[in-house]
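Here is a note for a colleague who comes to this structure for the first time. The points are numbered so that each can be checked in turn against the model.

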Amino acid sequence: MKLLRVGAPGEERPVLLEDGRYYDLRPLTPDVDGRFLAQDGPRRARIALDSGELPETDVLGLRIGAPIARPGAVLCIGQNYAAHAAESGAEPPAEPILFHKSPNTVVGPYDEVLIPRGSVKTDWEAELGVVIGKRARYLESLDEARACVAGYVTSNDVSERAFQLGRPGGQWSKGKSCETFNPVGPWFVPAHELPDPQVLELRSWVNGDPRQDSKTSDMIFGVAEIIWHLSQFLVLEPGDLVNTGTPEGVALSGRFDYLRAGDVMEIEVAGLGRQRTVCGLA
């Protein structure tokens with residue numbers, strides 16, 4: 001079972017995909033948002049589907065939006081793969097590195113990604129995205145952390161390295177929060193449909209050429225540890241998105257060119273779908 005949102009930006013409607021058939025989720029919820037997720041929406045969707053309560057729907061020709069509504073927060077973990085930390089010129093972190101992206105960076109999996117004005121180092125980052133389903137505050141165990149996960153998405157943490165690393169004081173969020181800098185989707189897979197997030201393959205391509213090829217088992221900090229750790233410092237709310245870090249193979253390594261207008265990024269997490277975004281100019 002996969003959840004999608006289809007339609008023009010700002011007019012998306014929720015859809016369930018199962019065995020190649022699409023079902024209208026609106027009898028259950030107006031959107032795949034924090035309220036839906038907090039009310040155990042994915043399990044309710046499964047029950048509604050199995051009981052025949054969801055009518056089939058046609059999505060042919062419709063835009064595929066981000067599979068979750070705009071989150072209240074986008075929290076990101078930096079340098080969470082040892083090889084990526086090394087190519088960034090850093091030692092593996094002793095605890096999760098946190099930075100934020102603006103929630104309005106979230107766009108659909110096939111939407112245009114705009115290279116910012118003045119950009120010279122726009123980069124791609126294939127990541128496993130974790131969607132929060134329960135309020136997470138001072139969690140006491142990894143099991144509690146796992147229970148707060150609603151599901152998973154493919155996420156591209158697009159970054160402008162000159163904004164992020166080349167400005168005084170270290171300005172990570174400036175390099176991460178440019179418009180369109182977080183394509184998400186194409187679909188959302190509920191946690192109960194994907195019981196082990198630490199066995200997934202991540203890949204990326206630019207203009208058809210391979211860039212990243214790794215597995216979530218290579219994370220320094222796993223999903224449950226990240227959620228537990230963050231809850232000791234802040235409160236995560238239903239609908240929030242957590243980007244869990246990217247493996248080696250980005251342009252920051254010096255092995256590849258940075259992105260230019262017309263370049264095509266493809267990002268894939270096994271089981272969570274493959275994105276294809278074309279770079280344009282802001």
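**Notes on the predicted model**

1. The charged end of Lys2 sits over the ring of Trp187, at 5.2 Å from the centre of that ring. A second case involves Arg274, which lies over the face of Trp205, 3.7 Å from the ring centre. Please keep in mind while reading that this is a predicted model.

2. On the overall form, the protein has 7 helices and 18 strands, and its C-alpha atoms fill a box of roughly 55 × 45 × 30 Å along the principal axes. A compact globule of 282 residues would have a radius of gyration near 19 Å, and the 18 Å of the protein therefore agrees with that expectation.

3. Of the contacts between residues at least 6 apart in sequence, 75% join residues that are at least 24 apart. The accessible surface comes to about 11900 Å², and carbon and sulfur atoms account for 48% of it.

4. The structure holds 2 aromatic pairs. In the pair of Trp124 and Phe256 the ring centres are 6.3 Å apart and the planes stand at 55°, so this pair is tilted. The pair links distant parts of the chain, 132 residues apart: Trp124 belongs to the loop between β8 (122-123) and β9 (126-132), while Phe256 belongs to the loop between β16 (241-243) and β17 (264-269). Both Trp124 and Phe256 are buried.

5. Helix α7, which spans residues 223-231, is mostly covered, with 7 of its 9 residues buried. The buried residues are Val223, Ala224, Ile226, Ile227, His229, Leu230 and Ser231. What covers them includes the strands β4 (74-78), β5 (97-101), β9, β10 (149-156) and β16, together with the helix α4 (142-147).

6. How many disulfides does the count come to? The count comes to 0 disulfides. Cys178 is in no disulfide, and the nearest cysteine sulfur, which belongs to Cys279, is 12 Å away, whereas a disulfide would need the two sulfur atoms within 2.5 Å. Cys279 is likewise in no disulfide, its nearest cysteine sulfur being that of Cys178 at 12 Å.

7. Are these two cysteines buried or exposed? Cys178 has a relative accessible area of 12% and is therefore buried, since buried means under 20%. Cys279, at 3% relative accessibility, also counts as buried.

Terms used
Residues numbered from 1 in each chain as written. Predicted model: local features only at pLDDT ≥ 70, side-chain atom pairs only at ≥ 80, totals over all residues. Heavy atoms only, no water. Phe/Tyr/Trp six-rings, centres within 6.5 Å; stacked < 30°, edge-to-face > 60°. Helix = DSSP H or I, 4+ residues; strand = E, 2+ residues; numbered from the N terminus. Buried < 20%, exposed > 50% of the residue type's maximum accessible area, 1.4 Å probe, protein only. Lys NZ or Arg CZ within 6 Å of the ring centre and 35° of its normal. Contact = heavy atoms within 4.5 Å. Rg over C-alpha atoms; globule rule 2.2 N^0.38 Å. Areas by Shrake-Rupley, 256 points an atom, 1.4 Å probe, with all protein chains shown as cover.
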